[in-house]
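Biologist: I would like to learn how to read the packing of helices and the pairing of strands in a model such as this one. Could we go through it feature by feature?

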Amino acid sequence: MVGPQWIESILEVTGLDPLGVQAISIRIYGYLLPGISNVTNRLRYYSFLCWVLYNYTKKGGSNNLDDWRMYIRKAEFLFSLISDVHHINEQGSSSTVGSDTSTPLIKKYDLDVIDLTKYTQYEDSPDRYFQNKGGGFAQYYKGPMENLKLVIKGGPLRVQLAENVKTTGERRFGVKAALVFSKNRYIELFHNCITKGKVTRNELSSMAESLCACQIINNTEEYDLLVNLLFDADKEYGRSGSRRRKTFYLILKFLKDTKSHGLSIEEYRNICMYRHYHNGQSLNISHHYDDVLSIWHIYQMHEYFCYALQSLLYVFERMIDEYQGSFDDIAELIKGEIQRGMSASLPSDLKSFSDVRFDAGTKLDAFINSIAFSNKSDSDWYSNTISEYYLKHEIDKFIEAKNLTAIFCLAYILLVKIHLKTNVSKDFYNYGENLNFRIYSSNIITLNKMIETTNDLWAFIRQVLRECVVDRHTIVALRKFRYEKKSTLRYSIEKNVYVRTNKLKYDVPVFTNPRLQQAFRFLEDLGMAEKMDNKKYIITSAGKQFLVGINEL
Ligand SMILES: [Zn+2]
């Protein structure tokens with residue numbers, strides 16, 4: 001029988017996605033970039049890790065899980081060291097597995113021999129390159145590699161290389177990827193270093209030219225195979241392959257069209273949403289890509305929606321820190337602040353919104369109309385001071401300045417702008433239906449419904465704050481608590497008074513990371529794109545050439 005007992009104290013952690021609104025975003029980018037994840041940073045791992053698995057078995061590796069893990073751990077760490085030697089004079093991370101350990105090792109010390117065993121042991125030590133016993137393979141790459149039919153679950157090592165299935169004719173690419181990787185020069189030296197458990201500086205330098213993560217271009221067959229994985233030229237991956245190909249096409253096309261201006265990830269998102277480049281030029285893209293472009297458009301709209309709600313949570317948290325009170329007290333305080341200082345707190349370059357009134361007597365439709373009235377065309381989103389893009393950056397500035405009233409007002413203006421764009425869009429509702437928005441209770445469709453049901457501005461403001469932010473966070477945090485046993489609740493309610501849980505940092509609004517960083521880096525690994533000093537990407541001549549042929553895929 002279980003009686004009452006003392007339980008361990010609850011750990012306070014910063015909960016990700018405190019409003020549980022990002023699930024839609026995550027679902028959408030998973031749909032648009034399958035086979036990649038937010039932690040698969042370098043493309044060459046897809047062929048390299050196949051080879052590690054293949055070579056281990058081929059060289060008589062045992063069925064003992066620990067033996068296999070030690071082999072792959074050494075292989076991963078060695079791969080990372082090679083990359084560090086190859087890029088010893090460059091700044092920034094190589095994004096290889098274990099680079100936090102290998103980069104300082106290569107840069108700081110002039111070690112002639114590196115003991116791989118020391119850095120790849122399981123035991124917790126400052127030298128250990130990776131905590132998960134199965135390495136970066138188990139933690140980062142295995143899932144995406146299953147998705148791409150390179151490996152399958154099962155067997156004594158819990159994973160095996162995927163081979164073609166002769167009976168069904170199904171094509172799988174694990175063995176093929178391993179074989180093309182094995183054609184790299186110095187592949188035997190690489191294996192020998194793992195077996196010896198050590199590597200010399202000279203050996204690392206020799207291997208760098210063919211085995212560095214950036215050297216895919218030196219092995220034609222490996223290059224073709226990896227291009228095929230991403231662009232699915234052979235149509236092996238069905239619809240998911242087509243969505244991945246189209247996304248990569250859009251990136252390359254935008255890179256080409258933005259020329260020397262370069263393209264950042266944020267610009268990619270906004271170009272999809274506004275369907276215009278930063279200079280106002282419209283996209284000239286074959287209708288063949290409409291479906292994927294539209295879904296990226298919806299993704300970015302939803303991101304702005306989430307940004308607005310997270311901004312409101314930020315304001316609410318800051319408010320209860322200063323004035324503990326009931327929900328009504330806090331709402332009244334905000335209302336008073338806005339009415340006292342509305343014109344003073346909005347910056348002068350937002351005078352486009354000087355007609356927008358937050359007064360108590362304002363009707364919701366008048367409020368919406370005043371925002372619609374100041375609306376400009378979407379083509380100049382980059383320079384226009386009332387675009388969602390611009391509003392988001394204004395919110396960021398006001399968070400820096402802790403101007404709560406301004407953040408609050410801008411968040412509602414942002415919500416109304418999203419409403420104006422979507423409430424008349426059949427496309428939006430169709431996609432919403434297809435992507436099953438209904439199972440997520442806070443989304444743009446529910447926002448539009450709220451607007452339909454009232455014409456009182458403050459009733460609407462309160463309803464959003466209450467249902468989409470304050471109560472919503474409570475529900476999400478309690479649900480997480482059930483599974484994670486860690487409280488992520490940012491405030492408690494005592495006698496109807498909100499009290500902030502003081503151990504948590506303020507949660508500033510953030511966008512999700514939609515695997516685009518990885519997609520851009522993959523194009524760099526293939527020599528199709530190049531990163532500039534300002535972190536934007538430009539297309540290379542190889543990229544342009546590839547783009548010409550892509551429509552025939
Ligand atoms: Zn390199």
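Predicted model: local features only at pLDDT ≥ 70, side-chain atom pairs only at ≥ 80, totals over all residues.

Biologist: In which sense do strands β5 and β6 pair, and over how many bridges?

Modeller: Strand β5, residues 491-494, and strand β6, residues 497-500, run antiparallel to each other and are joined over four bridges. The two strands form a hairpin with two residues between them, and in the turn Lys-495 has a positive phi of about 50°.

Biologist: How should I read the packing of two helices, for instance α7 and α10, and what is the angle between them?

Modeller: One looks at the angle between the axes, at their separation and then at the residues in contact. Helix α7 (residues 174-182) packs against helix α10 (residues 220-231) at about 150°, the axes being 8 Å apart. Because angles over 145 degrees count as roughly antiparallel, α7 is described as roughly antiparallel to α10. The crossing of these two helices is left-handed.

Biologist: Which residues make that contact, and how do they divide by class?

Modeller: From α7 come Lys-176, Ala-177, Val-180 and Phe-181, while α10 contributes Glu-221, Glu-222 and Leu-225. By class, the contact of α7 with α10 holds four nonpolar and three charged residues, with no polar ones.

Biologist: Now α2 and α3: at what angle do they pack, and why are they called oblique?

Modeller: Helix α2, residues 45-58, and helix α3, residues 65-86, pack at an angle of about 140°, with 10 Å between their axes. Since an angle has to be over 145 degrees to count as roughly antiparallel, α2 and α3 are classed as oblique to each other. In handedness, α2 passes α3 in a right-handed crossing. The contact is made by Phe-48, Val-52 and Tyr-56 of α2 together with Trp-68, Tyr-71, Ile-72, Ala-75 and Phe-79 of α3, and its residues comprise eight nonpolar, no polar and no charged.

Biologist: Finally, how many helices and strands does the protein chain have, and how does its radius of gyration stand against that of a compact globule?

Modeller: The secondary structure of the protein chain amounts to 22 helices and eight strands. For 553 residues a compact globule would have a radius of gyration near 24 Å, and the 27 Å of the protein chain agrees with that. Along the principal axes, its C-alpha atoms fill a box of roughly 80 × 65 × 50 Å.

How values were computed: Residues numbered from 1 in each chain as written. Axes fitted to C-alpha atoms, helices over the stretch in contact; angles between N-to-C directions. Parallel < 35°, antiparallel > 145°, perpendicular 65-115°, else oblique. Left-handed = near helix turned anticlockwise from the far one by under 90°. Contact = placed C-beta atoms within 7 Å. Nonpolar A, V, L, I, M, F, W, Y, C, P; charged D, E, K, R; others polar. Pairing = 2+ DSSP bridges. Rg over C-alpha atoms; globule rule 2.2 N^0.38 Å.
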